[in-house]
Amino acid sequence: MNRLRGFKSHLATLWKCMVAPSRTAAALRETESRYEALVERSPLPIGVHQNETIVFMNKAAVHTLGGASPDDFLGRSIWDFLDKEYHDLARTRVEELYHHGREASIMLEQFIRLDGTRIDVEVMGAPITFGGRPAAQIVFRDVTRQREAEEALRESEMRYRQLVEEMQDVIFAIDLEGRFTYVSPAVERFSDFTVDEVLGKPFARFVHPDDLQPLFESFQRTLEGKKEPFEFRILDKRGGVRHVRTSSRVILMDGQPVGTRGVMSDVTERKLAEAERERLIAELEAKNAELEQFTYTVSHDLKSPLFTIRGFLGLLEEDCFSGKREKVRDDIRHITNATETMQRLLDDLLELSRIGRITNPPEVVSLSVLAEEAAALVARQVEERGVTLEIAPDLPQVYGDRLRLREVFQNLLDNAVKFMGDQPEPRIEVRSANLGDRVEVRVRDNGPGIDEQYFEKVFGLFERLDNKTEGTGIGLALAKRIVEVHGGEIWVESDGAGATFCFTLPPPP
């Protein structure tokens, strides 16, 4: 802008020199002499033409257009040095200069140098008197490099804008009050919020409440000049949670912090993968612990029938030689019972090993049907103990392996019957509730209940709270494994007046 004002001031001086009245030829020659001396020393390229023919060129103009001396231009038409694209516009301007005496404002044109190359110029014209006749003074400035620089800047800005708009990460700037002063379009991919919905808003508005305080502390450390990555959660427009990682640095002005700028990356997939990895590690650790317990208990429980068989084989041998037939039959009965116990243990272990590996195709199945089928399988035990079994009507549907889910009911009902105790009016109830994203099933009995310290233990392998009760102690472990394979949970509740085994299952898709 200062260069433009200087340009106009210089022209004004030249103009005053030319329009000053001259009453005599001597005065005119003196004026023209002063004009030529002044213009010749001007750093600005200046030329004069009469009737579209060049009659004067100063050194700066000769140099700018690639000439050696003014003779390279004098007597030639101005149209020889103006790109054809600008001829129509230039003719209008020449008409105004010659016939209307109007000063022509600064325009952008393209001149042709002697070597044929083209340069961009800013041109200003003014009507003058030269040699006693009307003429036009042209002052111009080569702006080719400036135009090239501007074009390069525009291209650079365009590339930068395109790069920013296509980046998956969000570029942002925040002022001292914690408000966004800039945010790139990628924010919409992150959060569904548009740029306009984010600009000018405090970052706290978009941060998960539990992460707000540590993020504010990180913001303060960044303002102090510390560059530290930080991970936190944001809330998207739909209320969902995304995990992000930011890397920020302070913005200084005159040595004082005025805000921060940085890059924000979406790390949700990575965080979910890490959470899944931790879950799998925890599950693996639990499985290893279970395997360790399994190895110990299998070794212990399988040895017991073997000890029984070995002991009674010795007795059997003695009783055979002594001819005690009743004792022989009793020995054989004990051996047979021991082998049957071992067979049940092996069958249950085999069944447990199959859970989660060999499954039937999942299907939509009614809980009412599953409960009724399971009740039919334990009908003899229920009848012998005189248990009243009540299954709520219209239980909801679930989605899973029909046979496996029936085993859950069967084991829970069988377990409730076995541990009913001396209850004079034994009763078992099956209820359920639809919780939207899952179905909860409750199998309640009115037996003696379970002490809280055994709530977890009852689901362990070969765990029996009452060793006098028949069974291998695998039933509840089987139920737990089946429920967990279906993505559900199982637990026990007891208030001292009975026990309630609860488990959840997914609803139909």
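H11 covers residues 367-377 and H13 residues 402-418; they pack at about 55°, with axes 8 Å apart. Axes here are lines fitted to C-alpha atoms over the stretch in contact, and angles run from 0 to 180 degrees between N-to-C directions. Helices are DSSP runs of H or I, at least four residues, numbered from the N terminus. This is a predicted model, where local features need pLDDT of at least 70, side-chain atom pairs count only at pLDDT 80 or more, and totals for chains, interfaces and linings use all residues. Residues are numbered from 1 along each chain as its sequence is written, and side-chain values use heavy atoms, leaving out hydrogens and water.

Next, show side chains at the contact (heavy atoms within 4.5 Å). On H11, pick residues including Leu367, Leu370 and Glu373; on H13, take Arg402, Phe409 and Leu413, among others.

Stay on H13 and click asparagine 411. Is that residue buried or exposed? At 16% relative accessibility asparagine 411 is buried (under 20% relative accessible area; exposed is over 50%, partly exposed in between, with a 1.4 Å probe and protein chains only). Leaving aside residues up to four places away in sequence, asparagine 411 touches Gly475, Leu478 and Ala479.

Last stop: glutamate 278, in helix H9 (residues 268-322). Glutamate 278 is partly exposed, at 43%.

Terms used:
Helix = DSSP H or I, 4+ residues; strand = E, 2+ residues; numbered from the N terminus.
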